[in-house]
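Please keep the sequence and the structure in view while reading.

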Amino acid sequence: MSTVVRSGAVARAGALLILLGPLVSWVAEFITAAAWQDPPYSPLYNWVSHLGLTGPPQTAFGQVANSPLGAVMDTGWVIYGTLLITGTFLVFDPRKGTRPIVIMVLAVLAGVGVSLVGVFQGSNANVDNGLIAFHTFGAQGVMLAGNIMAIAVGTGGTRIGLTRSRSIASITLGTVGLIAFSLFMADVFTGWMWDIGLFERAVIYPIMFGHALLGSSVAAAQRHRATRRSVPLAQPVQN
């Protein structure tokens, strides 16, 4: 079965960018959450996007928000989105059929979505001026496209460089994320708002783990392929 990814240094660089994206975002989240002390940030209760609020302390979407290093989180999201799109275009070859094109489109939607969350904050000011629409579109876009991308990668894992177990893991991550998305939306629209941070992370983290899985798998497959090419063929014995 033919591969749908490029080969050589380009593919290896793209794989590393895809892997680096969620790692940058997680580091930014850890730093930003640690700086939020008044009141202490709760990853289970507080909105994830409130970490990116750079304005004065405010009550937004039913929660007190006070993120002293909000710009760090916003920067992390924009970098994540940029690395995801760039890395995916370096890894996948659109000439190889429909699957790589679908994955690239989903990566663009997810990358633009997470970047929009970083650029357009979920603040009261943006609610008043209407820019909150970009934040909402970005958040829901990455939640849907990111998890669907994980399923698309998993179902085509053998043509991408994933082992069978990693393909199953990618499909499972995307499926769990989509189920969590429906629960998250129900939590929001019913007004229950119970542990909203928990439900948000149940949607977002499978996407991030899926990207880390994709990047590391492609990097390993490319390294293995390069090693096989570098092994000299056995020379026939001359009589």
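Glu29 has a relative accessibility of 11%, and since buried means under 20%, Glu29 counts as buried. The model is a predicted one. Which side chain meets that of Glu29 in a salt bridge? The partner is Arg201, with a distance of 2.9 Å from N to O.

Side chains of opposite charge can pair when their charged atoms come close. How many salt bridges does the model contain? The count comes to 2. Besides the pair of Arg201 and Glu29, a salt bridge joins the side chains of Arg95 and Asp93, again with an N to O distance of 2.9 Å. Arg95 has a relative accessibility of 70% and therefore counts as exposed, whereas Asp93, at 4%, counts as buried.

| Residue | Relative accessibility | Class |
|---|---|---|
| Glu29 | 11% | buried |
| Arg95 | 70% | exposed |
| Asp93 | 4% | buried |
| Ser170 | 1% | buried |
| Leu144 | 36% | partly exposed |

Ser170 is part of helix α7 (residues 164–189). Ser170 counts as buried because its relative accessibility is 1%. Which residues is Ser170 in contact with, once its neighbours within four places in sequence are left aside? They are Ala150, Ile151, Val153, Gly154, Leu162 and Leu213.

Leu144 is located in helix α5 (residues 132–155). With a relative accessible area of 36%, Leu144 falls between the 20% and 50% limits and is therefore partly exposed. Not counting residues up to four places away in sequence, Leu144 touches Leu178 and Phe181. The C-alpha atom of Leu144 is 9.2 Å from that of Gly174, a residue 30 places away along the chain.

Helix α2 covers residues 70–91, which is 22 residues. At 1.5 Å a residue α2 should span 32 Å, and its end C-alpha atoms are 32 Å apart, so the two values agree. The buried residues of α2 include four glycines, Gly70, Gly76, Gly81 and Gly87. Also buried in this helix are Met73, Asp74, Trp77, Tyr80, Leu83, Leu84, Thr88 and Val91.

Turning to the whole chain, there are 8 helices and 2 strands. Their order along the sequence is α-β-β-α-α-α-α-α-α-α. The C-alpha trace spans about 85 × 30 × 30 Å along its principal axes. The chain has 239 residues, of which 46% count as buried. Among contacts between residues at least 6 apart in sequence, 71% join residues at least 24 apart.

The chain exposes about 11600 Å², and carbon and sulfur atoms supply 70% of this area. How far apart are the mean positions of the positive and negative charges? For the 13 positive and 8 negative charges of the chain, these mean positions are 31 Å apart.

Methods:
Residues are numbered from 1 along each chain as its sequence is written. This is a predicted model: local features need pLDDT of at least 70, side-chain atom pairs count only at pLDDT 80 or more; totals for chains, interfaces and linings use all residues. Side-chain values use heavy atoms; hydrogens and water are left out. The expected span of a helix is 1.5 Å times one less than its number of residues. Buried means under 20% relative accessible area, exposed over 50%, partly exposed in between (1.4 Å probe, protein chains only). Contact means heavy atoms within 4.5 Å. Accessible areas come from the Shrake-Rupley method with a 1.4 Å probe; for residues, only the protein chains shown count as cover. Lys and Arg count as positive and Asp and Glu as negative; His and the chain ends are not counted. The place of a charge is taken as NZ of Lys, CZ of Arg, CG of Asp or CD of Glu. A salt bridge is a side-chain nitrogen of Lys or Arg within 4 Å of a carboxyl oxygen of Asp or Glu.
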